[in-house]
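Please look at the structure shown here before reading on. The report that follows goes through a few of its local features and some of its contacts.

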Amino acid sequence: MLAPINVSLESLNLMTLAPMLIPVVGALLILVVDLFKGGLHKSLYVVISLLFLFMDFVALVDSSEIFSQSGITLGVFNLMLIDGLAILSQFIIVIASMLFIPLAMTHKRFHEFSYPEFFALFLFMIAGFQFMVATDNLILVFVGLETSSLALYTLIAMHNRDKSFEAAVKYFTMGALAAGFYSFGSMVFYALTGSVEIHQIAAILGANGYADIGYVLVAITFLLASFAFKLSIVPFHTWAPDVYEGASASMAGYMSIVPKIAAFVVAMRLFEFLIHSGVVWLEVILYAFVVITMTAANMWALVQTDVKRMLAYSSISHAGFVMAAILIGTTQANTALFFYWVLFSFTNLGSFSMLWMSRQKHLPDHQSSDHSYDKFAGMIKTAPVAALIMGLFMLSLAGLPPFALFWGKLYMISSAVTGGYTVLALIMALNSAIAGYYYLKLVVYMFMKEPVMGNDGQVYVSNATLALKTIIGIAAIGTIFAFVAINPILEFITAFVYNSGY
Amino acid sequence: MLDHILSILIFFPALAAIFGFMIQKDAIRAYGVSVAAIEFGLSLWLWFAFDGNVSGMQFMENLPLVPSFGINYILGVDGISLFIIVLAAFFTMIGIASLTDTPNEKNMIITLLFLQMTMVGVFAALDAIVFYVFWELSLVPMLYIIGAWGGPLRIYASVKFFLYTFAGSLVMLVGMLFMAYFYYQATGVWSFAILDWYRLILPENLQLWLFAAFFVGFAIKVPMFPFHTWLPYAHGQAPTIGSVILAAILLKMGTYAFIRFSLPLFPDASAFFMVPIAIIAIIMIIYTAMVAYAQKDVKQVVAYSSISHMGVIILGTFALNVEGISGSIFLMIAHGVVSGALFLLVGVIYDRRHTKMMDQFGGIAHVMPRYATIFGIMLMASVGMPLTINFVGEFLSLLGFYQQSHILTLLAGTAIIVGAIYMLAAYKKLFFGEVTKEENKNLKDVNKRELLALIPLSIITIWLGIYPKPVLEPINNSVEAVVQLMHNKATSDLAKERIPNLVEEVVVITKTSVQEVH
Amino acid sequence: MEKFLYIALFAPLVSSLFAALFTTTKKKTFVGIIASLLIFTAFASSSVLLAHILNNGAPIHVEMMTWMATGDLYIPFGFVVDQVSVTMMMVVTLVSTIVHIYSIGYMDHDKSFNRFFAWLSAFVFSMMILVMSDNYAGLFIGWEGVGLCSWGLIGFWFHKESATWAANEAFIMNRIADLGMLIGIFLVYWNTGTLQYDGAFEAFKTLDTATLTWIGIFLFIGAMGKSAQFPLHTWLADAMEGPTPVSALIHAATMVTAGVYLVIRSNELYDLIPHVGLFIASLGAFVALFAASMALVNRDMKRIIAYSTLSQLGYMFAAAGLGAYWVALFHLMAHAFFKALLFLGAGNVMHAMHDELDPFKMGGLKKVMKGTFIMMTLASVALAGIFPLAGFFSKDAILEAAFVEHHYIIYSVLLFTAGLTAFYSFRLVALIFHGEERYKLFGIHPHEAYKFMLVAMSPLLILAIIAGAMKGTYYEMVISVLPETEYHIHSHLVYWVMTIGTQLFVIGAVVYAYKKYADWKSVPDGSSDVEQSFMYKLLYNQYYIPYAYEEYIVKPYREISEIFWTKVDMKVVDATVDGIAGIIYGTGEKTRDMQSGNLSTMLKWMVAGTVALLSLAVVFGLAARNSDEIVAILSALGVM
Amino acid sequence: MEIGLNHYLVLSTILFAIGLVGVMKRKNLLLLFFATEILLNSVNIAFAAISHYYGDLTGQMFAFFVIAIAASEVAVGLGLLIVWFKRHGNIDLDSMTSMRG
């Protein structure tokens with residue numbers, strides 16, 4: 001006779017699910033609306049998405065208050081783990097998404113936005129990311145990861161160009177391989193410890209003193225490979241440039257921010273306890289990853305001829321830079337990771353939005369690709385304001401003070417210094433200098449070259465609408481006046497990270 | 001208003017630049033000149049209100065920026081920075097006023113105003129990060145000025161300038177972060193305030209490393225041999241106004257930073273590295289002077305001469321005594337005035353002939369006597385003729401260093417010989433002989449707009465050469481404080497020996513003041 | 001009295017600035033007149049000061065204002081008028097007044113007339129600072145100032161390549177010496193804590209000899225440059241490219257004697273280090289002979305006089321080095337008068353001969369240029385040291401000093417040189433004024449200079465004649481600041497033998513010169529035996545020293561500079577920077593093929609990465625599991 | 001011989017390796033998808049075996065999720081494949097090289 005299962009609703013703590021469920025509900029609503037009346041204008045869906053994201057945001061504010069009062073919350077059979085990392089990363093995810101979705105309001109018509117499914121998938125994807133970060137259960141991480149990834153592949157493909165499909169296929173195939181790696185790694189951990197919850201794995205491994213270090217390393221290898229793929233760490237990065245190029249500029253910008261922060265949070269949960277337990281191997285590997293990724297991606301970015309592809313490599317390099325935080329593993333480093341990412345998202349979103357705004361339907365003869373450098377030649381003469389803003393984003397990406405990303409770099413390098421990684425700090429600094437070259441290259445084209453014949457500057461704003469301009473304006477203001485907001489953001493993040501025990 | 005005079009000095013030009021976007025193209029010059037004149041007036045007011053007898057910081061402002069990480073917006077001036085700020089304001093003013101007709105004049109003037117913000121900011125900042133912010137930010141307007149209005153190689157030159165300096169300063173940034181970390185370890189509080197750092201006594205081996213990190217940043221900026229090769233390109237390609245500002249103010253950031261950071265923070269390391277740096281300085285002096293002599297382009301002569309003079313400044317700085325450091329600060333101002341003027345002068349003939357090659361000229365003293373005269377004054381100042389501004393600085397720098405090493409000073413002293421060689425040779429090629437080229441026969445002498453810049457510079461050159469006291473005295477007071485601080489902080493015997501203790505010599509100081517009363 | 005001091009000092013400055021106002025305008029005679037008047041004012045004030053000094057002997061010391069003060073360093077603009085400086089002031093202002101007036105005529109046809117006066121007065125001002133300063137730094141101001149003016153005046157005719165070259169050479173060579181001077185000043189400061197003469201001299205007494213020696217040597221290096229002593233002498237002869245009044249004023253009477261002045265001024269220093277003094281004296285004697293030998297064969301009138309100047313400077317240094325400072329100063333003064341006269345006379349001749357300088361192309365000019373002839377002859381007599389002209393008294397005293405101090409080598413060198421001096425002086429006079437009128441071959445019609453120029457020169461003539469008579473008064477005056485060294489040869493017999501012997505020797509040389517050159521017929525073309533001889537060539541080419549400088553210093557400097565620029569700076573230093581950038585960029589370019597765009601390759605990279613990690617993990621895992629064994633093996637091998 | 005946990009794990013690993021080789025070797029997109037399925041399913045075997053070994057259901061749950069996700073992956077993958085086939089008439093990997101460098 002089976003004993004009746006008695007689960008009280010309070011113990012489930014369903015509120016922990018609220019932030020994830022809101023976008024799911026939103027997605028369903030969009031699908032339902034479409035079911036009743038198809039062919040509605042995209043603005044409706046944009047606004048619905050925004051509304052739900054806003055509600056999501058409110059829910060997050062709510063859970064952040066709960067966190068600051070009562071600390072880490074578990075829920076739904078301890079599957080959900082609402083700690084500082086989860087909340088912070090969800091904030092980044094939701095805010096970045098809110099900034100992204102208005103980019104659908106382009107002047108020109110693009111294929112993907114005419115489908116309501118685009119917006120539904122988008123919201124599903126956000127839910128997936130949120131699940132991924134708000135748990136330490138490897139199963140749920142897997143589910144969240146795949147939910148979001150599958151949605152993302154589709155969103156990329158919906159851009160409906162040859163390159164988009166190619167990008168989607170490449171991303172998809174490699175993603176599938178990465179999924180295999182992930183499940184294999186989880187399996188080994190499960191075999192070693194009998195658990196798929198990270199804190200339990202940590203506890204059991206710690207209890208037996210990492211007796212089977214060889215197997216632990218195998219598990220780490222596969223998990224590392226799968227997250228290295230997601231985070232585009234060299235040599236697992238090969239998808240990134242192609243996918244960025246194939247995807248629309250707005251989607252590329254989004255991809256450079258949101259999936260990565262989700263992956264970073266999981267990586268922090270997974271790897272930092274190992275580093276702290278003295279797994280030297282992982283430290284060495286991560287060190288190598290950080291250095292190689294930063295440097296190699298920078299070198300490749302140097303030789304690009306297309307701005308978007310350059311930005312793809314630059315995003316890889318930035319990811320490598322931030323990866324250092326996981327290696328260093330101090331509270332300051334983890335804080336720096338979020339801090340950097342907040343600032344990075346403003347700047348990078350801004351620069352990709354600028355590319356998006358200049359997206360042409362048809363390429364003129366002199367242009368070899370959508371966003372080749374030539375296209376921006378002499379922009380200061382034909383579209384000075386746009387040129388200034390684009391230049392601003394480039395300088396910020398290069399880490400020039402006082403623009404947003406400088407503060408991120410500052411804090412990140414400082415955490416390396418504080419953590420005792422002096423050489424790493426120097427390498428990080430010098431890599432920023434190398435990176436300066438390719439950002440500067442665009443500035444050079446914009447400010448110091450003569451415009452190509454027949455370019456009247458219209459091309460740079462061909463896609464502009466009020467919505468796009470607003471987003472770019474927000475990004476620009478965020479980039480310039482970051483120094484005002486540094487302190488509150490830093491204090492907020494530090495408190496959350498510290499209270500989560502990282 | 002005086003409480004915030006430094007902030008006003010920094011941000012007024014920036015604000016004005018932003019408003020400048022709204023100004024009609026034709027009116028922009030007038031606007032630029034008036035803004036720069038107001039700024040200059042403010043800087044003079046700062047000087048006027050400055051108490052020359054106080055050695056410490058004045059007009060301090062403190063505003064928390066990122067208090068949790070110890071970054072505060074701290075400003076202040078002392079005798080060391082005051083005059084460079086005034087000089088920056090002055091040069092921006094005359095630079096805009098004497099600007100020749102350029103394409104996109106509006107962009108140029110707005111850029112110059114932004115540049116002014118960064119320049120004043122660097123010299124007024126008393127927080128390492130704020131300093132760094134302005135330091136780096138100053139690269140951008142200069143990048144644009146060189147890259148957009150420069151010669152045929154302008155893009156190469158500007159990118160090289162930017163990246164080289166950028167790379168160096170990033171290393172410096174790592175050093176700063178280290179410094180803050182040590183401060184944190186020592187006190188439990190993060191702070192980037194330079195005055196806080198002054199209180200920190202570091203173990204010597206740490207000092208050496210940190211000194212090296214800061215050195216990379218500063219040395220590239222100065223630029224010191226062998227990090228100097230960006231400078232000839234930058235000067236060679238930059239438009240006149242760019243070269244003027246670059247030589248007059250931007251290079252001084254490096255040497256200023258040595259005095260603001262390296263010496264007081266790392267007295268032992270400074271003493272330790274004194275000889276190697278002096279040797280580099282001597283190489284700068286002699287080697288670049290010889291390279292300057294080999295140049296065919298008159299602007300390159302002046303560019304290399306800048307490096308040579310910066311060598312003397314570095315030497316004076318690392319004399320580690322009051323005479324030398326005061327001299328090097330004075331020489332910074334002097335070199336600013338003189339090299340700025342020389343670049344303006346080169347610009348004058350470039351505007352007329354669109355070439356800077358010396359073999360294209362010859363004998364133009366016949367057709368442009370006024371120009372030749374002013375050039376001659378600046379030439380003499382550049383070779384360190386007494387009663388010109390340069391001599392005071394050079395004399396004091398060398399005098400100061402003589403206390404540390406006789407042989408090295410003797411070698412460095414060849415500056416007055418090699419300097420004369422290349423300058424006189426260049427002057428001879430440009431001005432002496434018969435007018436051989438047809439194009440040169442009808443060259444117009446300097447016009448009013450050019451005189452507007454050149455006459456005040458000539459006056460300053462001679463005035464401060466004869467009566468340097470108003471500038472030298474505040475410098476001296478602040479430098480004495482720095483030297484005393486260094487002496488007190490020094491831990492190694494070497495440093496104690498090389499850095500004089502001023503307290504013992506109180507008697508001497510009073511004697512001096514008695515003499516002064518007399 | 002201070003008022004007169006300031007007038008004497010600043011009148012030349014006012015004059016210079018006034019003339020400078022007109023530099024770009026056409027020739028205006030009044031500029032010259034006003035400048036001359038102002039310089040005369042300075043002369044008058046100096047005379048007042050001289051009278052004052054002669055009357056009560058109290059030096060006037062003023063401190064105008066602070067110049068540099070930092071740390072312990074305190075340098076004022078301080079001026080002192082004492083017996084030594086007032087002598088120099090008199091010499092400077094007198095000669096320059098005369099030269100100014102003379103120049104109104106001499107530069108009559110020059111279009112840069114006004115500029116000339118600006119420079120000339122500026123020179124006077126610098127010279128006044130030099131002699132009046134009460135500290136080494138102030139002296140250095142004047143020191144460099146006269147160098148600058150000398151540059152401007154040698155290169156006055158800047159359209160001439162040779163003139164500008166000579167100007168630069170003079171400036172740069174002086175700079176080399178100035179470095180020594182500067183180092184000397186630094187030494188003084190760091191050892192005595194002051195640069196004021198009185199303070200420093202006081203402190204010198206407590207210093208050790210080694211330090212003092214270094215100070216003495218470095219200061220003297222400065223003096224060597226300004227006074228064109230070997231090996232820094234070549235500029236002086238080349239400096240004759242400047243207008244002749246400039247040569248008279250700067251390169252004969254005043255500036256070149258600044259070095260002597262410096263040694264005299266620092267007599268308290270050199271008294272403490274007699275070995276350095278001996279060196280100075282020896283070098284002086286050597287230069288006296290060396291320069292005189294070059295003057296023997298030269299065929300350029302101005303250069304001959306320049307070498308004679310050099311030679312006389314050698315005399316002065318010999319005296320000063322031997323401690324006979326007042327003798328040196330006296331010779332300096334006397335020399336200023338007759339040498340300026342000689343130069344101005346030469347200027348007249350040049351004017352008459354349309355800038356021809358070769359005396360062999362002249363001859364017989366006494367007929368057309370009587371006044372000049374008389375003046376130059378008398379100046380040469382004075383220069384040769386024949387009784388009773390000025391040169392006799394001053395030069396004789398030098399010889400006596402050398403003799404009394406038992407430096408017989410120096411004495412004999414100087415004595416021999418006295419003969420040479422007489423020879424070349426009268427060789428010149430004979431060639432110019434006597435014999436055939438060779439200039440007719442070149443179609444020149446000489447004429448005498450303006451009368452007022454001759455009148456202007458006359459005070460010099462008078463002084464050249466009577467200066468010797470002032471010796472006693474002068475001695476009384478200067479011994480209050482200079483060491484009281486009287487050189488008396490104790491035996492009257494020896495004294496008379498010596499004096500008369502010297503006179504006979506000198507007169508013999510004069511006669512020989514006349515005999516040889518008074519009836520010179522033709523212009524030598526370099527084919528005669530004498531001209532082919534080694535000695536002649538050696539002397540004519542100035543011992544090949546300028547050639548050696550050009551070949552072994554100037555050219556290598558130029559070549560090394562070129563190499564530094566093109567090879568080192570561009571190919572090494574800059575190429576390294578670009579190379580590093582190039583390597584980074586090149587690596588990117590080479591490795592970008594990793595991104596082949598082929599999905600299969602991408603997957604392979606991913607798998608390869610995983611496999612690499614895996615193998616590392618296995619290696620590490622095995623190593624960790626068997627760490628004990630590994631350590632055992634390694635220690636057995638002696639590695640750990 | 002009794003079949004123990006290790007046998008399952010070895011089988012799983014062998015299958016995983018086969019999948020990896022397939023992923024690397026296959027040029028046909030469809031067969032590539034098969035290879036990835038092999039990868040995922042090899043893990044499933046291991047999960048089920050370990051789950052049984054520990055007497056814990058978590059592994060089986062994981063296996064179920066993997067199956068579910070593999071299924072949805074196939075859906076998306078095949079969708080992409082069909083579009084690609086429609087446009088290009090092939091599903092050859094080597095035809096997808098428009099972006100490189």
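## Backbone features, packing and contacts

Leu387(B) is placed in the loop that runs between α16 (369-382) and α17 (389-402) of chain B, where helices (H or I, at least four residues) and strands (E, at least two) are DSSP runs numbered from the N terminus. The model is a predicted one, in which local features need pLDDT of at least 70 and side-chain atom pairs count only at pLDDT 80 or more, while totals for chains, interfaces and linings use all residues. Residues are numbered from 1 along each chain as its sequence is written, and chains are lettered from A and ligands numbered from 1 in the order in which they are written.

Although Leu387(B) is not a glycine, its phi is positive, at about 70 degrees. Is Leu387(B) buried or exposed? Leu387(B) is buried, because 24 other C-beta atoms lie within 10 Å; a residue is called buried if 20 or more other C-beta atoms lie within 10 Å of its own, exposed if 12 or fewer, and partly exposed in between, with C-beta atoms placed from the backbone.

Tyr544(C), also not a glycine, has a positive phi of about 60 degrees, and Tyr544(C) sits in the loop between α23 (534-540) and α24 (545-591) of chain C. Tyr544(C) counts as exposed, because it has 12 C-beta neighbours inside 10 Å.

| Cis peptide bond | Omega |
|---|---|
| Pro401(A) to Pro402(A) | near -5 degrees |
| Val222(B) to Pro223(B) | about -10 degrees |

Pro402(A) belongs to the loop between α17 (384-398) and α18 (404-418) of chain A, while Pro223(B) is found in the loop between α9 (204-221) and α10 (230-237) of chain B.

Helix packing comes next. Two packed helices are described by the angle between their axes and the distance between the axes. In chain A, the axes of α6 (residues 138-157) and α7 (residues 162-193) come within 9 Å and cross at roughly 170 degrees; such axes are lines fitted to C-alpha atoms, for helices over the stretch in contact, and the angles run from 0 to 180 degrees between N-to-C directions. The helices α6(A) and α7(A) are therefore roughly antiparallel to each other, a term for angles over 145 degrees. Residues in this contact include Leu138(A), Phe142(A) and Tyr153(A) of α6(A), and Phe165(A), Tyr171(A) and Gly175(A) of α7(A), two residues being in contact if their C-beta atoms, placed from the backbone, lie within 7 Å. The residues of the contact divide into 12 nonpolar, five polar and one charged, where Ala, Val, Leu, Ile, Met, Phe, Trp, Tyr, Cys and Pro count as nonpolar, Asp, Glu, Lys and Arg as charged, and the others, Gly among them, as polar.

Between chains, the contact of chain D with chain A takes 33 residues from chain D and 32 residues from chain A. On the chain D side, α1 (5-25), α2 (29-54) and α3 (58-88) each supply at least two residues, and α3(D) gives the most, with 15 residues. That side of chain D divides into 23 nonpolar, seven polar and three charged residues.

Ser95(D) lies in the segment after α3 of chain D and counts as partly exposed, with 16 C-beta neighbours inside 10 Å. The C-alpha atoms of Ser95(D) and Lys27(D) are separated by 9.7 Å, and these two residues are 68 residues apart along the chain.

Definitions and conventions:
Angles under 35 degrees count as roughly parallel, over 145 as roughly antiparallel, 65 to 115 as roughly perpendicular and the rest as oblique.
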